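Open the model in your viewer and keep the selection tool at hand. The tour makes two stops.

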Amino acid sequence: MSGLRVLVGCKRVIDYAVKIRVRPDKMGVVTDGVKHSMNPFDEIAIEEAVRLKEKKLASEVIAVSCGPPQCQETLRTAMAMGADKSIHVEIDLATYEKMSPLHVAKLLSKIAQDNKVDLILLGKQAIDGDCNQTGQMTAALLDWPQATCASSIEKTNGDIKVVKEVDGGLETVKVKLPAVVTTDLRLNEPRYATLPNIMKAKKKPMEKKKPVDYGVDIDPRQKVVSVEDPPTREAGQKLDNVQDLVTKLKEQGLLTS
Amino acid sequence: MRDMSMTLDLTLTSLLSNCDRLQGVNMFSQKFIRHALLLSSRGKSGIRCRFRSTQAIAEKVTDGFVEDLRSIVGKANVSTAEAVRDQHGHDESYHETTLPDAVVFAQSVEHVSKVAKLCNDNVVPLIPFGSGTGLEGGINALKGGVCLDISQMKNVIEVNAEDFDCTVESGVTRGELNSYIRDTGLNFPVDPGADASVCGMCATSASGTNAVRYGTMRENVLNMEVVLADGTVLWTAGKNKRSRKTSAGYNLTNLFVGSEGTLGIITKATIRLYGIPEATLSAVVHFPSIQEAVDTTVQVMQCGVPIARIEFLDEAAIDAFNKYSKFDMKVAPSLFLEFHGSPSSVEEQKEVVEEIAKMNNGSNFKWATNADERNRLWKARHEIVYACTALVPGSKPYSTDVCVPISNLPAVIVQTKEMLKKENLVGPIVGHVGDGNFHIFFPVDHDHPEALTKIKAMSEKMSLLAMEMHGTCTGEHGIGMGKRELLEKEVGIEGLRAMQIVKNAFDPNQILNPGKIFPV
């Protein structure tokens, strides 16, 4: 039985530990000079793909990232973690900032078809957009089954068994391949890239492509109107008795009578 | 009348701060004195019984002084709220909270410099605060004053991956640093367990489970930005210098490492980084006796195995460990081991150590290469302090920290165990045995202070024993408040006088973290 060909999406986002600041023009957040790294859920996806390869269930792991040239750093990290090769879909920064999940899903589905992929592993959501849509849209475009928010993946003959984290608890589903699976936090703990692997990754192949190579139109469908900080928290008030409380609630229109 | 009442205050304050060292002053007398002091206070509200009062010195921190602080750092960065002062009046040790009079949050090294100068000009005590994870009461404001919280400066200034070094501000913790540099393939391996601030680790010359292979802070700090008592800002090895070695003048860097905030305030540090190991293997092995476990350690070191971690836990510690972290280990003296290197070298190391362990009747040798299992094991090991205090809910840890040459380790631990048994004390033993260092984490319950007296006596006996065996009373936690009286015994009166000369040179007004290191 030959191994699975796995495609993993790796988005370059602002590092999770950074304190986000809104840009003065209120049209976005400050990204200049700010530390960026791979979306944590995507790290988990790469780790899972590499573990499948180590278990000899996968034969090749391809990492893909869409965006400006800096995305190549993210792909190098993916290859240092164990991906065999990578694809960089180059998109200039201005256009990239206006992209939405549907655009990415269209690109991923074309790449999956071109590369005869059996399994697409994506993070369940990116920590900047928090959309939680790309995986689902990709599956729909390909007409493939999907299992989202996976906390465990097991291969069983031609299928995979996935335990999903849902509101009510855990749901186990059997999914036929090819399929799209999105990863959740408890799936695994990603490895750190070690120096020798970082060196080796420099020699692994990285294809450079553009959206037009896949026939995908990435014109924006949405326009950002404004980006603002949440209102600053104000000090509370201590009240002396229930009567005062009722008066204050009435003043703020929080009581009907 | 006013003068008399002030005299009464001063008398009571000095009585209080000395009373726990007066022989034969029982707990009732101490409580009476404390109450008397509080009753005599001039109407200042809200100081609860469990705090030591610093009334007499608090006079210096007037409203005018607080206004001066506000004008340096901004109104939002100064607090006299009791809750904030409480947070800044204790660390993770058993020492009772001692409130500073004001807490200042510095946002830049200029703030630190100006606050230092203000405190120095007015002779107000100044205590730097990093992460509050110390174990010797290092940040307790024994004489009140200003607690300068420098934990909000959180920039990683630069990472030089090819040179294996980086520079961080005083608010960056080692966990945050390692997360920041994770994609460079490097890490900062000094691992004291707590997520301590890097500059705080410099101040206490911290060490950890990895020291046997990667060294302590002494070996890993290349340069530091330090603010002196009079506000002078200096770089100990010169600004922007980060050569791996230097012979240029006095070694100021290592003078400040371990100075516990008494010589200057560390605001930045340039530290050495190491490659994340290619392969890691963790193992656990159990022994029928402590002697055999410790003998194994000595033999492993003598074989020159480049072991990364070799940690000892006695039965009491394993029991606490099992209960707290929900493990199922054999309750016996045990060694937790970790090997770093290439996959083949790690295998070789493990085989050598397994053989040595077998020769010493080690059993149930279990090992894990799986990252999740390894992380779980070491996380549980690092939570041993909490596991020990969980044995007595509501308690705080009193930790001993003796460190001796490795060949003397078996004798010290075995004698310690006998002392524990004789005194009928619960004291789990946990040790970085590869360095000859071990801790007893006594759970201290402030509702049962009699146990504390026994524990302190035991701790002193252990320290004296360690010194007889050519060792030290504190391998990594520092002197702080808890070990002041032992310092003279350890370094001798000449050593102590030399340290005092240095202290007086750098801090003539004695404002920097008064009451620490030097015996009162």
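Contact here means heavy atoms within 4.5 Å. By that rule, 14 residues from chain B and 14 residues from chain A make up the contact between the chains. This is a predicted model, in which local features need pLDDT of at least 70, side-chain atom pairs count only at pLDDT 80 or more, and totals for chains, interfaces and linings use all residues. Residues are numbered from 1 along each chain as its sequence is written, chains are lettered from A and ligands numbered from 1 in the order in which they are written, and side-chain values use heavy atoms, with hydrogens and water left out.

**First stop: the interface**

Show both chains. Chain B and chain A bury about 1,300 Å² between them, 52% of it on carbon and sulfur atoms; buried area is the accessible area (1.4 Å probe) lost by two parts on being put together, summed over both. Select B:R182, B:D183 and B:E278, which supply 42% of the area that chain B buries against chain A, more than any other three residues.

The term requires a side-chain nitrogen of Lys or Arg within 4 Å of a carboxyl oxygen of Asp or Glu. Across this interface of chain B and chain A there are 3 salt bridges.

**Second stop: two helices of chain B**

Select residues 63-73 of chain B, helix 4, and residues 109-122 of chain B, helix 6. Helices are DSSP runs (H or I, at least four residues), numbered from the N terminus. Helix 4 and helix 6 of chain B pack at an angle of about 160 degrees, their axes 9 Å apart. Axes are lines fitted to C-alpha atoms over the stretch in contact, and angles run from 0 to 180 degrees between N-to-C directions. Helix 4 and helix 6 of chain B are therefore roughly antiparallel, a label for angles over 145 degrees. Among the residues in their contact are B:F65 and B:L69 of helix 4 of chain B and B:V115 and B:L118 of helix 6 of chain B.

Terms used
Angles under 35 degrees count as roughly parallel, over 145 as roughly antiparallel, 65 to 115 as roughly perpendicular and the rest as oblique.
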